[in-house]
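Colleague: Could you walk me through how the helices pack in this model, and then through one of its pockets?

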Amino acid sequence: AIQLVWLRVLLGFTSIDKDEASFQEFIRPRIITALAVSGLELLNSLLGLTKSKPHQVFLFSATRMGVELLLAPLIPCKSPEHLITVFCWSLDGICRFGCFGLDAALSLCGIPSWPIIKSIRYTVGPLLFPIGAGGEMFMNIRAAKDNRPVLYFTASLWPLFFYPLMKQLLKQRKKYFKKLADEKIKQT
């Protein structure tokens, strides 16, 4: 279900030809809904239904919600910084949660998971995360230019929070592909 709300956001980009106010009125509720529904991931991690660490899920979710609720209203909705950020969030949500959903559907049918599903999941995240996080940081910088100098400071903090999250994504990816390689060696 989470991938569907992000797909709805992504499809909302087809209305980019509307004027700024109409586009914002159209897309913003979709983004807020997708972010709220994505909060279910935190609940899943708190309940132990996923291997994700709750504090990291919270940091991802809270940052994205804060960016959209507090920062996005300060810049044009159709600004490149905002569009790139939301586009990356959308693709990430579709891929990640789509992979979770496909894995779950296969499991319910008694079919073992296909390695390609997790390979996509563990590859797309590390590719999109730096672009999306960069978009968030540049949203801060753009808003700071409008006589909000404290936002330059918040933009300077982005790399500090980016590093541990990116490191975790790469660690998960490396662990998965090592496991996959070890399984191939055992089969031969």
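Colleague: At roughly what angle do the axes of α2 and α5 cross?

Modeller: Keep in mind that this is a predicted model. Helix α5 covers residues 80-108, and its axis comes within 12 Å of the axis of α2. α2 passes α5 in a left-handed crossing, and the angle between the axes is roughly 40 degrees.

Colleague: Is α2 then parallel, antiparallel, perpendicular or oblique to α5?

Modeller: An angle counts as roughly parallel under 35 degrees and as roughly perpendicular from 65 to 115. The crossing is at roughly 40 degrees, so α2 is described as oblique to α5.

Colleague: Which residues of α5 meet α2?

Modeller: From α2 come Phe 23, Ile 31, Leu 35 and Ser 38. By class, this contact of α2 with α5 has seven nonpolar, two polar and no charged residues. On the α5 side the residues are His 82, Leu 83, Val 86, Trp 89 and Phe 97.

Colleague: How is α1 oriented relative to α2?

Modeller: Helix α1 (residues 2-12) packs on helix α2 (residues 20-38) with the axes 9 Å apart and an angle of about 160 degrees. Angles over 145 degrees count as roughly antiparallel, so α1 is roughly antiparallel to α2.

Colleague: How many charged residues are in the contact of α1 with α2?

Modeller: α1 passes α2 in a left-handed crossing. Residues in the contact include Val 5, Trp 6 and Arg 8 of α1, and Phe 26, Ile 27 and Arg 30 of α2. Sorted by class, there are twelve nonpolar and two polar residues, and the charged ones number two.

Colleague: What is the handedness of the crossing of α4 and α7?

Modeller: Helix α4 (residues 54-71) packs against α7 at about 150 degrees, with the axes 11 Å apart. The two helices are therefore roughly antiparallel to each other. Their crossing is left-handed.

Colleague: How many charged residues does the contact of α4 with α7 have?

Modeller: On the α4 side the contact is made by Gln 56, Leu 59, Phe 60, Thr 63, Val 67 and Leu 71. The α7 side includes Trp 158, Phe 161, Pro 164 and Gln 168. The classes are ten nonpolar and three polar, and the charged count is none.

Colleague: Happy with the helices! Which helix gives the most to the lining of the second largest pocket?

Modeller: This pocket has a volume of about 240 Å³. Two helices, α6 (115-144) and α7 (150-187), each supply at least two residues of its lining. With six residues, the one that gives the most is α7.

Colleague: And how many residues of that pocket's lining are charged?

Modeller: Among the lining residues are Ser 113, Trp 114, Lys 118, Tyr 176, Lys 179, Glu 183 and Lys 184. The whole lining divides into four nonpolar and two polar residues, and the charged ones number four.

Note on methods:
Residues numbered from 1 in each chain as written. Predicted model: local features only at pLDDT ≥ 70, side-chain atom pairs only at ≥ 80, totals over all residues. Heavy atoms only, no water. 1 Å grid on protein atoms, 1.4 Å probe; cavity = no way out; pocket = protein on both sides within 12 Å on 5 of 7 lines; lining within 4 Å. Points joined across faces, edges and corners; volume = space filled by probe spheres on them. Helix = DSSP H or I, 4+ residues; strand = E, 2+ residues; numbered from the N terminus. Nonpolar A, V, L, I, M, F, W, Y, C, P; charged D, E, K, R; others polar. Axes fitted to C-alpha atoms, helices over the stretch in contact; angles between N-to-C directions. Left-handed = near helix turned anticlockwise from the far one by under 90°. Contact = heavy atoms within 4.5 Å.
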